[in-house]
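Please look through the sequence and the 3D structure below before reading on.

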Amino acid sequence: MSTTSTSATTASGSQERHGAELVFDSVSKRYAAKGRPAVDSLSLNIPAGETVMFVGPSGCGKTTSLKMINRLIEPTSGTITIDGEDIRSKDVDTLRRSIGYVIQGGSLFPHMSVRDNIAMVPRLLKWDKSRIDARVEELLEMVSLEPGRYADRYPRELSGGQQQRVGVARGLAADPPVVLMDEPFGAVDPITRQRLQDELLSIQRELGKTIVCVTHDIDEAIKLGDRILILQEGAQIAQYDTPENILAAPANEFVEDFVGAGSSLKALSLSRVDEVELQETTTARVGEDARAALARARSAGDRGVVILDDRHRPIAWPSLRELQYMDRIPATRDDRLPVVDRRATLNDALDEMLAASQDGIIVTGQRDDYRGIVRFEQVTAYVQEANRNAERAAMSRLSTQEQQRVDAEQPSGATVDADRERVEPDATAEDLR
Amino acid sequence: MSTEVLDTAPAPETGKRLSREQVILLVGLPLAVAAIFAVWFIWWRTADLDDIEARALTGEAIRAMLWEHIKLTLVGTAIVVATAIPMGIALTRPGLRRLSPLVVGFANMGQSAPVIGLLVLFAMWLGFGFWVAVLGLCLYAFLPVLRNTIVGLQQVDPTLIEAARGMGMSPLAVLTKVELPLAVPVIMSGVRTALVLLVGTASLATFINAGGLGGLITTGINLFRFPILVSGALLIALLALLIDWAGRVLEAFTRPKGV
């Protein structure tokens, strides 16, 4: 990533559009006249600019629900509106060009270069060439692929993670207010997946699109979602709430089973690296005098020195012993450098530390620039703290639920209203015991 | 995230589109054909031919027959391509998909019927001549192109088609920009098969007075003149190899980059 992204935005003369509100109003999909509907009267309100994760067991209708938004599947009944406008009021191709679509593995067209893949929708929208070129560069920068190096490659010349990045860039190409993602990171290895998720988070932080993302991975949902929609068979809403609330108060046994055990570890997926205090450590520039850096590190009591390139990005983290034998700081990039984005979860940070066998990890900011480090002890301390908090919260919840039980019956209300939790007092109270 | 750990990209290919084997075939084949032709040519210029042989093997006669043969092959291929590919496309569209086994079965019959029989039957029905021969040949070569068009379009990853539709491409755009380019390699191999089939079977056109190098073979057999027979067979074989080569070149250069 570099700073050219912002200048490209001005060059193409476009201000990124923010998300749009998406509303499902008793939407059903029936494949056969008889038998159970795949989606049964789903009503849902997705606020503008939020990321909503659809999760649930396979066959629960989550993908069907997603595909009804861009009309790859037509609902049998009910309406879906985007910013108040019925999606059936527009020509289907026009509608689809205004909705980003990102698919597992990227689904890039193998006979088209990266550039042509990304330029697909802008070309359908008849943008002029210079605008398309600027946009392609901007998007490649945004997904951390150097345009000069990758724009003219073909998909098979890319790794799985790179293909997926291009897939994300393609989905964002025409700057759609709504982006649909269908298991976007299902086809890549765990470490790459984690990085792609971090990138998506930082992109979303910049763009504020309305993202609807289907996944079967509850951890991914917790990490990426502003809200999570947990579906049961027939696209029945089991719970629709923020990840924090779902972890703290699963609405029923189904949700609890689905979220799974070990919720204090799951809470690590809820906490971002930038929520713990970043530690300072000695840094040095490429080409600097190594002995001076060594002296600085010794006096600060650090065990290593983080080496930064000219764009302030970390490239290596040698120990003091390694540094002893050097005159100048070398520009060699350590491919196994443990790095996470500051929006990454503590879970990811821990993963990376374990993978790199280091007791600390470098944290980077928006443009991969160095921000500080997080040490292993900080993570464990955080877990202990979170555990204590969770226990305390559970205790207080138990008492309020007892209170609710005493209160008169409350109308269960429409599940659409996400801000109001629908807690089933009996189930939760019992299971917490 | 500039560092990639497990997720390393394959090295970019430096514009290499052909394997070594293909290169050898593409360069070596015309050379071999040229060499054999040169040997025959020298023999033809220097051989001690009797009257009948000399009359059958004049340069003019051979050129005429060669041209007729090429014309039969190319016209036949052009007609097959112009009919079988659109039909294959039509038979993979949602509305007509169910008809495809029926049509392929029919085309199968066209191919399994012996060409010589087809040609003679058509000649009895429609008369002799070039166009009747072309009709018979086309029926024979129709199947490989049709089948490969259908198979080529069917093997396009359905998720790519759905992706294209989901991005807002019209069905026609999906066909021309995604499906056909990805099916081209398979379709072109069908076209090459058709070319090779046609160049061989065009030898039979002579039986219904439609010309071609087959004339040399029949003359050779009828008159018991080995030099004529062998010349005919050899020239047909060389032409077939050359046409096959042309088909391969076509295949290599129509294959979309990146596939």
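The model is a predicted one.

**Chain A as a whole**

- Of the 433 residues in chain A, 55% are buried.
- When contacts in chain A between residues at least 6 apart in sequence are considered, 66% of them join residues that are at least 24 apart.

**Strand pairing in chain A**

- Strands of a sheet pair through backbone hydrogen bonds, and the pairing may be either parallel or antiparallel.
- Strand β1 of chain A, residues 22–29, runs antiparallel to strand β4 of chain A, residues 77–82, and is joined to it by five bridges; within this pairing, Ser28(A) has Ser77(A) as its bridge partner.
- Five bridges also join β1(A) to strand β2 of chain A, residues 39–46, in an antiparallel arrangement, where Val23(A) is partnered by Asn45(A).
- An open sheet of three strands in chain A has the order β14-β15-β16, and its pairing is mixed.
- Because β14 (339–341) and β16 (370–375) of chain A each have a single partner strand, they stand at the edges, and one side of each is left without a neighbour in the sheet.
- On average, neighbouring strands of this sheet are turned by 35° against each other, with direction ignored.
- Strand β15 of chain A, residues 360–364, is antiparallel to β16(A) and joined to it by five bridges, and Val363(A) has Gly372(A) as its bridge partner there.

**Helix α10 of chain B**

- Helix α10 of chain B has 29 residues (226–254), which at 1.5 Å a residue should span 42 Å, and this agrees with its end C-alpha atoms, which are 42 Å apart.
- The buried residues of α10(B) include Ile228(B), Leu235(B), Leu238(B) and Ala252(B), and the buried residues of this helix pack against α1, α2, α3, α8 and α9 of chain B.

**Packing of α8 and α10 in chain B**

- Two packed helices are described by the distance between their axes and by the angle between those axes.
- The axes of α8(B) and α10(B) come within 9 Å and cross at roughly 170°; since angles over 145 degrees count as roughly antiparallel, the two helices are therefore roughly antiparallel to each other.
- Among the residues making this contact are Val184(B), Met188(B) and Leu195(B) of α8(B), together with Ile236(B), Leu239(B) and Ile243(B) of α10(B).
- The residues of the contact of α8(B) with α10(B) comprise eleven nonpolar, three polar and four charged ones.

How values were computed:
Residues are numbered from 1 along each chain as its sequence is written. Chains are lettered from A and ligands numbered from 1 in the order in which they are written. This is a predicted model: local features need pLDDT of at least 70, side-chain atom pairs count only at pLDDT 80 or more; totals for chains, interfaces and linings use all residues. Side-chain values use heavy atoms; hydrogens and water are left out. Helices (H or I, at least four residues) and strands (E, at least two) are DSSP runs, numbered from the N terminus. The expected span of a helix is 1.5 Å times one less than its number of residues. Buried means under 20% relative accessible area, exposed over 50%, partly exposed in between (1.4 Å probe, protein chains only). Contact means heavy atoms within 4.5 Å. Axes are lines fitted to C-alpha atoms, for helices over the stretch in contact, and angles run from 0 to 180 degrees between N-to-C directions. Angles under 35 degrees count as roughly parallel, over 145 as roughly antiparallel, 65 to 115 as roughly perpendicular and the rest as oblique. Ala, Val, Leu, Ile, Met, Phe, Trp, Tyr, Cys and Pro count as nonpolar, Asp, Glu, Lys and Arg as charged, and the others, Gly among them, as polar. Two strands pair if DSSP finds at least two bridges between them.
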